[in-house]
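Please open the model in a viewer and keep the sequence panel at hand. The stops below are meant to be selected in order.

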There are 8 protein chains.
Amino acid sequence: MRPDPGRERRKGAPEVIFGETKETAQVIAMAQALLAGSGRAIISRMRSETKEALLDVFRDYTIRLREAARAMVISRPDFVRPDTGGHVGIITAGTSDVPVAEEAALVAEEMGCRVTCIYDVGVAGLHRLVGPLRDLLSNDVDAIVVAAGMDGALPSVVAGLVPVPVIGLPTSVGYGLGGKGMAALLSMLQTCAPGLAVVNIDNGVGAGITAALIANRVAQARKHPLR
Amino acid sequence: MRPDPGRERRKGAPEVIFGETKETAQVIAMAQALLAGSGRAIISRMRSETKEALLDVFRDYTIRLREAARAMVISRPDFVRPDTGGHVGIITAGTSDVPVAEEAALVAEEMGCRVTCIYDVGVAGLHRLVGPLRDLLSNDVDAIVVAAGMDGALPSVVAGLVPVPVIGLPTSVGYGLGGKGMAALLSMLQTCAPGLAVVNIDNGVGAGITAALIANRVAQARKHPLR
Amino acid sequence: MRPDPGRERRKGAPEVIFGETKETAQVIAMAQALLAGSGRAIISRMRSETKEALLDVFRDYTIRLREAARAMVISRPDFVRPDTGGHVGIITAGTSDVPVAEEAALVAEEMGCRVTCIYDVGVAGLHRLVGPLRDLLSNDVDAIVVAAGMDGALPSVVAGLVPVPVIGLPTSVGYGLGGKGMAALLSMLQTCAPGLAVVNIDNGVGAGITAALIANRVAQARKHPLR
Amino acid sequence: MRPDPGRERRKGAPEVIFGETKETAQVIAMAQALLAGSGRAIISRMRSETKEALLDVFRDYTIRLREAARAMVISRPDFVRPDTGGHVGIITAGTSDVPVAEEAALVAEEMGCRVTCIYDVGVAGLHRLVGPLRDLLSNDVDAIVVAAGMDGALPSVVAGLVPVPVIGLPTSVGYGLGGKGMAALLSMLQTCAPGLAVVNIDNGVGAGITAALIANRVAQARKHPLR
Amino acid sequence: MRPDPGRERRKGAPEVIFGETKETAQVIAMAQALLAGSGRAIISRMRSETKEALLDVFRDYTIRLREAARAMVISRPDFVRPDTGGHVGIITAGTSDVPVAEEAALVAEEMGCRVTCIYDVGVAGLHRLVGPLRDLLSNDVDAIVVAAGMDGALPSVVAGLVPVPVIGLPTSVGYGLGGKGMAALLSMLQTCAPGLAVVNIDNGVGAGITAALIANRVAQARKHPLR
Amino acid sequence: MRPDPGRERRKGAPEVIFGETKETAQVIAMAQALLAGSGRAIISRMRSETKEALLDVFRDYTIRLREAARAMVISRPDFVRPDTGGHVGIITAGTSDVPVAEEAALVAEEMGCRVTCIYDVGVAGLHRLVGPLRDLLSNDVDAIVVAAGMDGALPSVVAGLVPVPVIGLPTSVGYGLGGKGMAALLSMLQTCAPGLAVVNIDNGVGAGITAALIANRVAQARKHPLR
Amino acid sequence: MRPDPGRERRKGAPEVIFGETKETAQVIAMAQALLAGSGRAIISRMRSETKEALLDVFRDYTIRLREAARAMVISRPDFVRPDTGGHVGIITAGTSDVPVAEEAALVAEEMGCRVTCIYDVGVAGLHRLVGPLRDLLSNDVDAIVVAAGMDGALPSVVAGLVPVPVIGLPTSVGYGLGGKGMAALLSMLQTCAPGLAVVNIDNGVGAGITAALIANRVAQARKHPLR
Amino acid sequence: MRPDPGRERRKGAPEVIFGETKETAQVIAMAQALLAGSGRAIISRMRSETKEALLDVFRDYTIRLREAARAMVISRPDFVRPDTGGHVGIITAGTSDVPVAEEAALVAEEMGCRVTCIYDVGVAGLHRLVGPLRDLLSNDVDAIVVAAGMDGALPSVVAGLVPVPVIGLPTSVGYGLGGKGMAALLSMLQTCAPGLAVVNIDNGVGAGITAALIANRVAQARKHPLR
């Protein structure tokens with residue numbers, strides 16, 4: 001990956017370094033390039049040895065850790081994270097879906113959104129969902145990411161209840177036929193609920209960016225209504 | 001298919017002639033063999049020309065039609081359908097699931113069960129489900145078949161709410177990736193809900209037999225408690 | 001399908017009758033129910049005999065036809081289609097993708113959006129894309145649907161260029177391995193481009209609803225900035 | 001997983017902690033929550049380090065180990081396991097199917113059933129099956145779980161012989177095309193035998209719950225025949 | 001297909017013209033070439049119009065029809081079918097498997113074998129199998145073809161019982177997941193029974209040739225023991 | 001696996017202990033049971049620790065090792081391996097196919113056959129094949145196993161050239177799409193060559209048994225021609 | 001499809017109208033656009049009604065028909081087909097592969113190549129291949145397309161023998177598992193032979209263009225050696 | 001692998017030892033055989049222990065290492081690598097595609113080509129592509145290999161722009177549905193771009209050989225124009 005300084009400006013979305021398949025040295029080089037450009041580097045799914053190395057190399061920078069997502073944000077002291085006023089909701093069906101959901105949360109925050117997380121609301125416990133969902137809506141949430149593995153039913157349920165766009169985020173949870181997120185993804189693609197779009201299995205970064213793009217666009221309209 | 005007169009006695013479940021892939025002459029011959037044996041022949045998914053021929057050939061017999069399932073029951077005048085006292089509930093997510101559900105209903109009735117049908121309750125309309133489900137339970141339903149295509153979420157929802165065994169019946173409704181019942185079947189196999197077992201896509205007959213076997217066993221226990 | 005009069009109000013998205021797998025009588029009944037409720041019925045992928053019957057039965061209503069999508073909108077004379085001020089762009093890679101794209105366009109229009117269509121821009125002809133895309137952006141498009149079959153590369157290209165959310169709509173165009181939209185869907189799920197979410201193969205209705213939900217939310221913020 | 005104290009009462013089935021993908025600390029926290037609620041915690045597929053930790057942390061509780069299933073039941077001293085009078089049979093095709101079968105057995109026992117296990121009866125050795133099956137039936141078995149990998153033929157054979165519901169439990173045994181339980185699952189779904197429903201590959205817990213729900217319902221009818 | 005006159009001599013197996021995908025004119029030309037070469041032409045899965053044309057064109061030849069397999073053997077008046085003394089058994093699980101089984105029977109007969117057919121012995125009716133199988137063995141059968149669709153369990157059962165090679169012939173019978181012969185083929189590949197080899201779904205010709213090659217080799221050894 | 005002493009007599013094929021998925025203690029117990037029965041135990045795909053243990057435990061028995069197949073034959077001193085006079089040929093496309101081929105060779109030898117191995121003859125080197133194949137045929141080979149991974153073309157080529165039955169043995173060699181033996185298996189199932197039947201990927205034992213059953217039947221006919 | 005007049009000049013390859021999925025009116029409009037541009041329109045897989053219409057509409061143009069490929073070339077009277085001096089060989093395994101091969105031949109010819117076709121050379125008849133292949137090479141063939149369905153073995157065999165690039169063209173011939181060209185494509189992808197690249201199933205146009213691009217480049221080098 | 005000394009001469013392409021699945025001793029033996037034959041041995045995807053051993057064993061030979069591809073070329077001191085004058089371009093979409101691309105580069109170089117590499121040009125950064133591509137063309141590149149994982153869009157884009165043959169090389173980069181190179185391969189097979197042929201996932205050697213065969217043929221024509 002050669003950093004593309006123009007992309008963040010053009011797209012309104014930061015590049016994220018996917019740490020899982022990269023050597024520590026590669027991650028460091030990419031982070032330095034991004035820091036030199038936009039002033040901030042986001043790394044997801046760090047290996048533990050990479051994390052230690054980054055903490056050491058960038059000890060003079062501002063570091064923000066998100067352990068569950070094995071993610072880190074490094075920023076130059078002078079970097080000011082935007083505050084757009086957009087509001088993104090992130091919901092998970094189970095605890096196993098949390099790491100991927102946290103990726104989405106981190107990215108949406110770095111794109112300037114307020115993020116509200118509601119974790120571990122299974123279909124079996126729909127009664128747990130109603131209250132928090134009502135709170136989200138009354139707080140003007142602009143887009144909602146719903147992460148689910150296994151049968152992946154929760155995003156459809158949420159999309160059937162709320163008048164905002166929902167991003168289905170299948171997670172690689174499940175076993176046997178339809179396991180590793182396959183049934184979850186297929187269910188979301190087959191949904192009868194209106195207004196549900198999906199990203200690939202475990203693509204928390206993609207879900208977060210899409211939700212934040214929506215929220216930021218709404219927030220911008222609130223600020224510049226005449227445009 | 002050579003009719004197996006002992007099977008119905010041994011299993012407590014009738015043989016059902018699958019009409020879709022059979023010539024009219026084959027269906028007539030099989031029906032005659034079953035009538036000579038148990039006194040009753042059940043035919044599902046009849047071609048329309050087969051239906052006409054059967055109505056003609058067996059005009060001296062008692063005929064029961066179930067149009068939606070393209071099914072027919074032919075019985076000798078002296079045949080007495082059992083009345084076991086078992087109670088089976090059959091629920092569908094949408095209208096497209098009804099033909100397959102009707103197959104299940106027909107078979108359960110022919111096995112002597114009372115059958116209560118609740119059709120067209122989607123996940124999007126869960127509020128429609130609560131009342132009828134409460135009625136089913138207060139009427140001592142013994143087993144519930146839930147038919148669903150598309151994302152196949154309804155059986156999991158039902159299984160999460162009721163204390164009786166649920167048979168998931170995926171239907172070949174849906175398109176694109178996961179279509180033709182595939183997502184529905186996978187979702188049911190991936191369910192987190194306890195007590196949900198499944199049959200193959202569109203296997204209404206199998207779902208009906210399984211539910212009726214359960215219900216009849218319970219009913220028998222009610223009648224012969226000391227056994 | 002039992003019409004759910006509350007859904008349109010709750011979700012801000014109309015129910016659409018999928019005509020391809022339904023009998024004419026079923027479609028008429030559903031249309032009547034929707035007309036009695038919201039005052040409007042939308043039917044997609046009508047069979048030709050259904051279309052003739054609808055034109056006859058509803059000859060006293062306002063009819064709007066969209067031939068390419070085999071779609072029809074029937075509305076009561078007193079029905080006033082909303083005008084939200086949202087703006088949705090719809091782009092196709094080839095001519096074969098147009099029918100599905102038209103479904104998306106129709107639904108977005110019925111949800112009150114302005115819709116701008118740019119058809120037949122293949123990856124091989126990217127130079128054809130740049131101008132119209134610039135026009136879309138300078139006209140404050142809020143969300144873009146990109147329909148593509150075959151290799152499905154166009155949505156990624158568009159998502160890499162624009163700062164608004166993109167909905168990838170794979171179409172069942174293609175043959176051999178990866179045909180019928182499979183390669184297109186997989187490519188969109190594997191995209192490196194930020195801010196691309198997808199719906200199932202040929203799900204024009206779903207893509208249109210999602211895009212319109214986004215656009216309407218932005219438009220609402222423009223109108224009520226203080227909220 | 002947030003424990004749902006109402007579920008066990010509502011469903012008549014306990015929650016089971018799936019140990020394989022959870023950290024020891026997570027398992028301990030969940031077990032504590034379940035113990036505080038229902039007075040009992042069931043853990044399946046424990047990692048060995050988790051097992052040691054649980055034995056230590058809960059040394060003042062009653063512990064029941066089932067090594068083959070890598071399962072443990074922890075109960076408060078005052079917890080009284082129910083005894084419903086239901087009777088579940090559990091059969092395996094080979095020795096490799098035993099661990100998954102043991103999961104089913106454990107769960108059925110914890111739900112109050114008597115469980116009879118018949119292990120290692122392959123299709124190649126059908127003569128080994130007849131005697132034990134006759135014993136099961138003469139002891140009023142209410143439901144039978146049949147676990148099989150490879151070609152998965154045994155559940156169909158059993159379902160063809162007995163008048164009680166059979167739950168097919170495919171196991172991830174097998175190699176090459178159709179391996180890891182795929183052929184077993186497909187065979188069970190394609191069965192010609194009446195009254196066979198299935199759960200997903202290796203889902204011993206689900207099979208056990210379904211069988212116990214059936215058996216408990218029958219047992220309850222025996223006790224309360226007038227209801 | 002250009003006829004290869006040397007192949008039949010080299011392989012001891014005739015070429016068979018697959019009629020289903022060929023024009024009538026192509027079939028006639030191929031048949032003429034084979035008649036000019038070996039003196040015999042075998043056509044399987046003829047379209048009905050092809051059959052009529054062949055009966056007309058070759059009315060001066062000896063014609064042998066096998067209706068169930070839609071097969072025809074045309075031979076020059078001077079052609080003498082071999083009589084090798086080999087003995088092939090052909091068993092089917094159901095009636096739907098008969099057409100494909102008949103293909104195997106026809107080919108084995110044309111290769112000079114005695115063929116014994118046992119049709120419609122399902123796994124559910126194993127007791128029907130024992131007697132005929134004992135007869136086959138006491139008549140020195142050299143190889144057995146077992147055709148089965150659905151769950152494809154019968155070939156494994158037979159292979160577990162007899163000391164001769166068994167050729168599993170999956171048929172495209174079945175629906176839903178694993179349908180069209182897929183589950184049948186996978187089950188046969190996963191078999192635990194010794195001495196079961198398989199051919200592709202519906203490949204009756206291939207099964208017949210393999211079984212006849214075995215039988216003819218054994219028969220030859222009987223005739224020329226000293227070799 | 002409970003040893004079935006009758007099977008070897010009934011089938012003429014020994015049971016083989018599949019070592020890869022079994023604990024050393026299980027293997028030892030099974031070996032002891034087989035030794036007590038037939039006087040011989042065959043173990044394939046031993047783990048290295050199992051091999052050491054077996055060498056120690058059975059140091060008073062006759063041991064035969066086949067390193068490439070990670071296989072061992074343990075026999076009682078009084079056990080006499082049969083010598084049937086059957087002749088099996090075993091051919092591999094590459095060196096990576098040898099371990100699986102050696103399994104087939106070992107089993108055929110233990111069933112009393114003479115085995116001739118021709119290894120590493122790829123399709124690219126067909127000229128290497130002709131001579132050895134001619135030798136095989138002039139030495140009255142009764143059946144040929146052809147092991148191949150990658151594109152799996154060799155079995156078809158051999159089956160097109162020889163008048164004896166050929167058993168295709170796909171091996172899990174290959175990468176990318178169609179890798180792990182999938183393309184090899186599919187190619188063999190799609191063959192145009194007459195007289196080719198297949199076993200599952202890496203099922204060397206099954207291929208060896210089938211070939212030996214054929215060869216032994218021929219050999220028996222040579223010895224007892226009048227039967 | 002909007003015709004792209006620059007493409008043919010830029011790429012050296014003509015656009016081909018795929019007739020199978022297009023209305024007659026669409027094909028006529030596209031043909032007119034291409035004729036106006038480059039002076040020539042190529043249509044493949046015409047429906048029969050389209051063919052009749054084209055013959056009528058373009059009766060004043062030069063028409064070239066290729067029946068087997070259902071293809072037509074329409075050219076303005078003043079159009080001069082290039083003659084590059086490139087030489088492409090096209091080989092098929094069977095007769096069923098000819099229509100797709102003819103597509104490749106037609107396209108290569110229209111790109112200015114000399115095309116030599118060798119049809120119906122199966123793997124079973126490799127001796128038929130050697131002579132024509134030697135002729136091809138001694139006539140300086142620049143690239144060879146090999147079309148094959150079923151097991152798809154022929155392209156590997158050819159690529160193993162010749163020192164020129166080979167394009168594997170799988171055809172949708174075959175049935176059961178691996179049918180419709182799947183096994184053929186996978187085999188070609190798994191080939192051990194050097195210098196074999198593939199196109200998708202039935203993509204005769206793509207194979208022809210690739211082969212002609214290679215041949216034309218070589219031919220150009222022959223004409224302009226100093227460049 | 002028995003080395004085939006004639007192949008390199010016959011095909012104009014060297015044999016490459018695939019190190020990943022071979023023992024060090026096997027690799028050494030093969031390398032010695034190839035060195036004795038052609039004077040050069042190429043090893044790809046060496047394990048690290050194999051690399052060390054080779055460096056030691058062949059310390060008197062000329063060694064060329066290509067670390068990214070884990071590849072090594074060993075040559076006898078008297079071996080002279082050919083210099084054909086052919087020119088191959090190699091492009092990658094991302095950094096993760098480089099190791100596989102390097103395999104292609106190495107092989108093309110060893111076949112005597114000049115190789116120009118352009119790495120890390122994603123679809124998102126098409127503007128980075130235009131300049132280097134123009135350079136390639138103005139330097140008379142004869143064939144281009146384009147390596148891409150994820151959505152695999154780059155090869156189609158390149159093939160749409162250049163008049164030389166393009167070899168698509170999908171790499172096993174990507175996750176979730178369509179991951180491990182599957183979406184990349186399918187996209188390339190579905191391409192609308194003319195003149196794109198593909199090899200299997202990660203088959204860098206195959207792509208390099210095909211490109212070099214093309215380039216060498218062109219170069220030869222430049223040198224011997226009159227032939």
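A crossing of two helices is called left-handed if the near helix is turned anticlockwise from the far one by less than a right angle, and right-handed if clockwise. Helices (H or I, at least four residues) and strands (E, at least two) are DSSP runs, numbered from the N terminus. The model is predicted: local features need pLDDT of at least 70 and side-chain atom pairs count only at pLDDT 80 or more, while totals for chains, interfaces and linings use all residues. Residues are numbered from 1 along each chain as its sequence is written, and chains are lettered from A and ligands numbered from 1 in the order in which they are written.

**Two helices of chain C**

Two packed helices are described by the angle between their axes and the distance between the axes. The crossing of α4(C) past α8(C) is right-handed.

Now show the residues that meet (C-beta atoms, placed from the backbone, within 7 Å). Those of α4(C) include Val100(C), Ala104(C) and Leu106(C), and those of α8(C) include Gly204(C), Gly208(C) and Ala212(C). By class, the contact has twelve nonpolar, two polar and one charged residues; Ala, Val, Leu, Ile, Met, Phe, Trp, Tyr, Cys and Pro count as nonpolar, Asp, Glu, Lys and Arg as charged, and the others, Gly among them, as polar.

**Chain C against chain A**

Chain C can be laid on chain A by a turn of 180° and a shift of 0.0 Å along the axis, with an RMSD of 0.0 Å. That is the relation of a two-fold axis. In chain C, Val218(C) has the C-alpha nearest the axis, 2.2 Å from it.

**Leu106 in chain F**

Finally, select Leu106(F), found in helix α4 (residues 98-110) of chain F. Beyond its neighbours within four places in sequence, Leu106(F) is in contact with Arg66(F), Ala69(F), Ala71(F) and Gly208(F).

Key
Copies are superposed by least squares on the C-alpha atoms of residues with pLDDT of at least 70 in both. Two residues are in contact if their C-beta atoms, placed from the backbone, lie within 7 Å.
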